[in-house]
Amino acid sequence: LRILGIETSCDETAAAVVERAVDGRPTVRSDVVLSQLEEHSAYGGVVPEIAARAHVEALDTLIDEALKRANVSLSDIDAIAATSGPGLIGGLLVGLMTGKAIAKASGKPLYAVNHLEGHALTARLTDGLAFPYLMLLVSGGHTQLILVRGVGQYERWGTTIDDALGEAFDKTAKLLSLPYPGGPAVERAAKSGNPDRFNFPRPLVGEAKLNFSFSGLKTAVRQAATEIAPLTEQDVADICASFQKAISRTLKDRIGRGLERFKSESLHVDGRPALVVAGGVAANLEVRSTLQSLCGKHGFRFVAPPLRLCTDNAVMIAWAGLERMATGVAPDDLDVQPRSRWPLDSNAETLLGFGK
Ligand code: ATP
Ligand code: MG
Ligand code: FE
């Protein structure tokens with residue numbers, strides 16, 4: 001099976017061609033991503049209207065490029081997979097409409113893919129991971145701990161009740177006049193900082209529910225910064241290091257409880273249980289090493305796919321489409337609509353029993 005994937009839910013326009021052999025082995029034939037970072041950097045965040053226009057301008061060329069690099073034409077493709085939510089509605093419309101048009105013109109089936117399902121299933125493409133496993137998605141728009149039981153079978157164990165983790169990095173960077181996107185800038189500054197200078201809050205630590213909260217942390221950063229203003233370079237470094245330490249401590253508690261729950265519910269039948277990380281914040285070395293050591297402590301395998309496939313891309317959308325096809329899930333009708341909000345566990349009921 002060979003599928004064309006399209007991703008336009010946020011600030012990356014992406015197209016990819018992916019194959020799945022009968023034995024389940026994947027081959028990425030092409031993977032094209034155009035980031036809109038420059039378009040948005042002046043505004044310190046993603047501007048939906050600008051994003052939608054940029055998708056319109058880039059997508060057709062990108063799809064051609066993905067087919068060309070894969071050395072195939074549309075007639076060699078078995079299906080089309082396009083992200084239909086969650087995300088910015090303008091971008092979703094562009095990608096899904098394009099997917100529909102190609103499906104209609106070529107007579108190939110269309111799979112309207114949940115962006116989060118793409119993130120959730122990536123580790124099966126990169127590491128051949130077997131179900132079930134835990135997935136932590138930490139990006140600019142999401143912070144979720146999800147139990148991945150099978151294709152279409154997801155249980156959300158925890159989510160942020162306010163800001164996403166990437167968003168907390170971006171807002172903290174903005175407060176400190178660091179460049180956008182904030183994550184890499186905060187990480188860089190933190191290197192020469194003292195993580196013990198500020199004792200920032202670790203919200204929800206100790207709570208039984210596995211949710212996250214990061215807006216209080218951002219407020220604490222603002223207060224600290226205001227109190228000691230004007231900030232020297234060392235102050236900024238210390239704030240960043242202390243901020244990352246607070247996050248690391250929070251993750252240790254929240255995710256540690258998730259790993260315990262996974263074990264206590266005896267979810268894993270054979271082999272070692274696994275935790276997968278996805279999303280742009282997975283690039284952060286402190287976050288990574290925190291998760292890694294946590295996994296070691298709890299006897300979990302830690303799976304971190306290559307960063308290119310952790311951040312937004314079309315390979316994961318194509319792969320999610322292929323997994324659905326392989327599991328016997330029917331394609332979507334061409335009148336399927338994009339959904340700006342679309343929790344991953346809402347589509348579970350229709351697919352129960354698949355993906356064992
Ligand atoms: P979505 O949430 O829909 O997946 P997104 O574009 O916000 O979309 P990604 O592209 O996966 O998500 O990730 C971008 C986020 O990752 C930004 O918030 C950015 O600051 C953060 N990020 C990137 N690198 C780092 C890093 N080294 N440390 C911390 N955060 C980082
Ligand atoms: Mg992005
Ligand atoms: Fe994403």
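User: Which residues does UniProt place under the feature "binding site" together with Asp170 and Glu187?

Analyst: The unreviewed UniProt entry gives that feature at Leu137, Val138, Ser139, Gly140, Gly141, Asp170, Gly183, Glu187 and Asn284. UniProt positions follow the numbering used here, feature names are shortened, and such annotations may be inferred rather than shown by experiment. The model itself is predicted, so that local features need pLDDT of at least 70 and side-chain atom pairs count only at pLDDT 80 or more, while totals for chains, interfaces and linings use all residues. Residues are numbered from 1 along each chain as its sequence is written, and chains are lettered from A and ligands numbered from 1 in the order in which they are written.

User: What makes Asp170 buried or exposed?

Analyst: A residue is buried if 20 or more other C-beta atoms, placed from the backbone, lie within 10 Å of its own, exposed if 12 or fewer, and partly exposed in between. Asp170 has 25 C-beta neighbours inside 10 Å and therefore counts as buried. Asp170 is part of helix 5 (residues 165-175), where helices are DSSP runs (H or I) of at least four residues, numbered from the N terminus. Beyond its neighbours within four places in sequence, Asp170 is in contact with Gly45, Gly140, Tyr180, Pro181, Gly182 and Gly183, contact being defined by C-beta atoms, placed from the backbone, that lie within 7 Å.

User: Why is Glu187 called buried?

Analyst: Glu187 counts as buried because it has 20 C-beta neighbours inside 10 Å. Glu187 belongs to helix 6 (residues 182-190), and, leaving aside residues within four places in sequence, it is in contact with Asn284 and Leu285.

User: How do you know that His115, His119 and Asp312 cluster in space?

Analyst: The unreviewed UniProt entry annotates His115, His119 and Asp312 as "binding site". Although they are spread over 198 residues of sequence, the largest C-alpha distance is 8.8 Å. His115, in helix 4 (residues 115-127), is buried because 27 other C-beta atoms lie within 10 Å. Asp312 is placed in the loop between helix 10 (307-310) and helix 11 (315-326), and with 27 C-beta neighbours inside 10 Å, Asp312 is therefore also counted as buried. Leaving aside neighbours within four places in sequence, Asp312 is in contact with Glu7, Cys10, Glu12 and Ala14.

User: What makes Glu38 buried or exposed?

Analyst: Glu38, located in helix 1 (residues 37-41), has 8 C-beta neighbours inside 10 Å and so counts as exposed. Glu38 and Tyr180 are 142 residues apart in sequence, with their C-alpha atoms 9.5 Å apart in space.

User: Why is helix 2 called roughly parallel to helix 3?

Analyst: The axes of helix 2 (residues 48-70) and helix 3 (residues 89-106) come within 7 Å and cross at roughly 20°. That makes helix 2 roughly parallel to helix 3, because angles under 35 degrees count as roughly parallel, over 145 as roughly antiparallel, 65 to 115 as roughly perpendicular and the rest as oblique. The axes are lines fitted to C-alpha atoms over the stretch in contact, and angles run from 0 to 180 degrees between N-to-C directions. In helix 2, Pro48, Glu49, Ala51, Ala52, His55, Val56 and Leu59 meet Gly90, Gly91, Val94, Gly95 and Thr98 in helix 3.

How values were computed: Helices (H or I, at least four residues) and strands (E, at least two) are DSSP runs, numbered from the N terminus. Two residues are in contact if their C-beta atoms, placed from the backbone, lie within 7 Å.
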